[in-house]
Amino acid sequence: MSTLTKLALGVMGQLRPRPTRGDARSVIKLPAPDKTGGLPLMQALGKRRSSREFQRKPLPLPVLSSLLWAAFGVNRRGGGRTAPSALDAQEIDVYVALPDGAYVYDAQAHALRLVAASDLRRITGYQDFVDEAPLDLVFVADHARMRMVPAAQRESYASAAAGAIAENVYLYAASTGLATVIRAWIDRAAIADALGLTHDQQVLLSQTVGYPAKSRG
Ligand SMILES: Cc1cc2nc3c(=O)[nH]c(=O)nc-3n(C[C@H](O)[C@H](O)[C@H](O)COP(=O)(O)O)c2cc1C
């Protein structure tokens, strides 16, 4: 769907998810992430960039598993995570929009839990590539987990935490040859509605991930 069509439908509150083939599972247990290999950190930093052209090819489950672990997985005993959060509130939930359904990443169980059995990718942003790329992430802050943080600081702290998660995804993508872009140009109300979020939950950012479009040269 073109950006203009999305903008028009968004204004009318008519931007709707696509139906799926109906095979969304309520829980997807992810395989163990691959914590070896990849590019050395400085080389991955050398390749980090935003890309906006993707193949439709789906991400295999092992890749999705490693990507989500890199993003915000549990990396030590006691439940510590790969990205920081103020007072360790761990207030960001990573929602995962796939062609077969929308899920929330349960880092403790390293699993995906179904939140909507429809294809929400097109809802996750105004840019046209988000519809066809195989994965759109949505970073959502749960303010109910930030009661220890002064109210005036909650949004900025949560945005910093989401930014750290996004950079983890950028580095995983750079390290494994995937393409990605973080996106703030999104319809937060439409996403919140599609994901069935509560008043405590705030949509912050989206991020598209996929295989880079093959160069035409
Ligand atoms: C907070 C934030 C919001 C962004 N929003 C968008 C967006 O909505 N759409 C988009 O295509 N790129 C978006 N970007 C990506 C920037 O355009 C990109 O990082 C910038 O052009 C620099 O390019 P680079 O990431 O390749 O270094 C965003 C980046 C940040 C940090």
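# Reading features in a predicted model

Author: We can start with one residue. R145 counts as partly exposed because its relative accessibility is 35%. Keep in mind that this is a predicted model.

Reader: How do I decide between buried, partly exposed and exposed?

Author: Partly exposed is the range in between. D142 has 13% relative accessibility, so D142 counts as buried. L87, with a relative accessible area of 63%, is exposed.

Reader: Which residue forms a salt bridge with R145?

Author: A salt bridge is a side-chain nitrogen of Lys or Arg within 4 Å of a carboxyl oxygen of Asp or Glu. The partner of R145 is D142, and their closest N and O atoms are 3.5 Å apart.

Reader: How many salt bridges does the structure hold?

Author: There are nine salt bridges in the structure. One of them joins the side chains of R18 and E132, at 3.3 Å from N to O.

Reader: Where do R18 and E132 lie?

Author: R18 is in the loop between α1 and β1 (27-29), while E132 is in helix α4 (residues 129-132), so the pair ties together parts that are 114 residues apart in sequence. R18 is partly exposed, with a relative accessible area of 25%. E132 is also partly exposed, and its relative accessible area is 24%.

Reader: Which residues are linked in a network of salt bridges?

Author: The network links R18, R56, D119, R121 and E132. Within it, the side chains of D119 and R121 meet at 2.8 Å, N to O. Both D119 and R121 are buried.

Reader: Turning to K6, where is its place, and is K6 buried or exposed?

Author: K6 is part of helix α1, which covers residues 3-11. Its relative accessibility is 0%, so K6 counts as buried.

Reader: Which side chain makes a polar contact with the side chain of K6?

Author: That of D131, at 2.5 Å. Once neighbours within four places in sequence are set aside, K6 is in contact with M1, L15, R122, G125, Y126, Q127, V130 and D131.

Reader: Which residues make a nonpolar surface patch?

Author: The patch is made by L41, M42 and L45 and is about 330 Å². L41 belongs to helix α2 (residues 41-47), and L45 lies in helix α2 as well. L41 counts as exposed, because its relative accessibility is 51%. L45, at 39% relative accessible area, is partly exposed.

Reader: What does L45 touch, not counting residues up to four places away in sequence?

Author: L45 touches E167 and L171. You can also read a distance between C-alpha atoms: those of L45 and Y172 are separated by 9.9 Å, and the two residues are 127 residues apart along the chain.

Reader: Which residue other than glycine has a phi near 60°?

Author: L87 has that positive value. L87 is found in the loop between α3 (61-72) and β2 (92-98). D88 is not a glycine either, and has a positive phi of about 55°. D88 is also placed in the loop between α3 and β2.

Reader: The ligand is left. Which residues surround the ligand?

Author: They are R48, R49, S50, R52, Q127, V181, I182, R183, A184 and W185. After the list, read the distances. An oxygen atom of the ligand is 2.6 Å from an N or O atom in the side chain of R48. For the side chain of R52, an N or O atom is 2.5 Å from an oxygen atom of the ligand. A184 takes part through its backbone, where an N or O atom lies 2.9 Å from a nitrogen atom of the ligand.

Reader: How much of the accessible area of the ligand does the protein cover?

Author: On its own the ligand has 620 Å² of accessible area, and the protein covers 52% of that.

Key. Residues are numbered from 1 along each chain as its sequence is written. This is a predicted model: local features need pLDDT of at least 70, side-chain atom pairs count only at pLDDT 80 or more; totals for chains, interfaces and linings use all residues. Side-chain values use heavy atoms; hydrogens and water are left out. Patches are made of residues with over 30% relative accessible area and no salt bridge: like charges are joined within 9 Å, nonpolar side chains (Val, Leu, Ile, Met, Phe, Trp, Tyr) within 5 Å. Accessible areas come from the Shrake-Rupley method with a 1.4 Å probe; for residues, only the protein chains shown count as cover. Helices (H or I, at least four residues) and strands (E, at least two) are DSSP runs, numbered from the N terminus. Buried means under 20% relative accessible area, exposed over 50%, partly exposed in between (1.4 Å probe, protein chains only). A polar contact is a pair of N or O atoms within 3.5 Å; within protein, one must be able to donate a hydrogen and the other to accept it, and residues adjacent in sequence count only if both atoms are side-chain atoms. Contact means heavy atoms within 4.5 Å. A residue is near a molecule or strand if one of its heavy atoms lies within 4 Å of it.
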